[in-house]
Amino acid sequence: MATDPSPQIPVRANSRRSRSSNSIHPVDVETPPVRPPTPIVYREIKHFKKWIPWLIPAFAVANTVTFIVTMYVNDCPKNSVSCIADFLGRFSFQPFRENPLLGPSSSTLQKMGALDVNKVVHGHQGWRLITCNWLHGGVLHLLANMLSLLVIGIRLEREFGFILVGLLYVISGFGGSLMSALFLQSNISVGASGALFGLLGSMLSELITNWTIYANKVAMFVTLVVIIAVNLAVGILPHVDNFAHIGGFLTGFLLGFVFFIRPQFGWVSQRYAPPGHSVRPRPKFKKYQCILWAVSLILVIVGLTLGLVMLLRGVDANDHCSWCHYLSCVPTSRWRCNTNPTFCSSTQLGSQVNVTCSPSGKTTTYFLPGASNSQIQSLCSQQCR
């Protein structure tokens, strides 16, 4: 008995032959056009922009040029009996006993604008509170300060710009000079250390006021505190003006809350959000930032004004703080903290010069034909060391 064949299932296959009129085409389906993704536009946020540092390197160059001019004015071969590195000619250094930092004499530094409290108060030379920050006692002093300036200052200028960092540097230097003049009134003072400590203090206050935007905040805080503590501890050695360090640090620490305040990220996200993107409105600064800003601004204005008035009235801050002198020098069995100025009496008989150090009473005889006053002063400085 014949049976019906099983139904045939049609099968479609893609033909490998060349396309012809009888080739099979897919069914045309209307699909919506695919929109290309919207390109992401990156805009630089002005509150976090990076600056090209140029002012801090310019400050380093200015300090170096000032030191070269100071050594030219010093002219050791003409004004001293002996010099170090004679091959440098008039740029040679004073003897080690007079200046162990490889630099000029004290009289030259005074001539160039060193901080001399007597001349500031009685000679109406207040400009010395600024000029002393651009002078250095020697090559070693200059190198140490300029290396620190470049390391600390370039980082701050890159983050906050040359205007704020430049103002902070100058004002901190003035604050350091002011505190030095109030507590150390018998010796002259030079160096950019007060301004440098101001930059260091501002790094600490900047970390505190912008605490929420940092990731490794605790590690950074501990590192900064240790660096500051070590540098201040070095200041208790003799012949180091730690009051300038402390004054500069306090001034820079307060100014850091004023100059380096940053808006919180919530406000930045809200401000730079794309159109149509709704975010919860947030204030630009947190409450603690505003409080620190106001308090610091008041303290720095009042502190600098009060200190300047006290200085111009001839106030010696040591009379009101009997222990404060230990902040600058702690006497030990290895060194003394005598800050009395060096002065000598001299008699000259022909080529024989007798120089007597008044504080110690020690007398030394030199054979120096035609000794000048500057040469006798140089001998006095060596004699009283």
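How much helix and how much strand does the chain have over residues 190-211, and how far apart are the end C-alpha atoms? I get 77% helix and 0% strand there, with the end C-alpha atoms 35 Å apart. Helices here are DSSP runs of H or I, at least four residues, and strands are E runs of at least two, numbered from the N terminus.

Housekeeping: this is a predicted model, where local features need pLDDT of at least 70 and side-chain atom pairs pLDDT 80 or more, while totals for chains, interfaces and linings use all residues. Residues are numbered from 1 along each chain as its sequence is written, and side-chain values use heavy atoms, without hydrogens and water.

I checked the UniProt record next: its unreviewed entry annotates 190-211 as one of the transmembrane regions, though such annotations may be inferred rather than shown by experiment.

Then the pair H6 (residues 139-160) and H8 (residues 193-209): their axes come within 10 Å and cross at roughly 35°. Axes are lines fitted to C-alpha atoms over the stretch in contact, with angles from 0 to 180 degrees between N-to-C directions.

I looked up Leu199 too. Beyond its neighbours within four places in sequence, Leu199 is in contact (heavy atoms within 4.5 Å) with residues including Leu149, Ile152, Leu156 and Tyr169.
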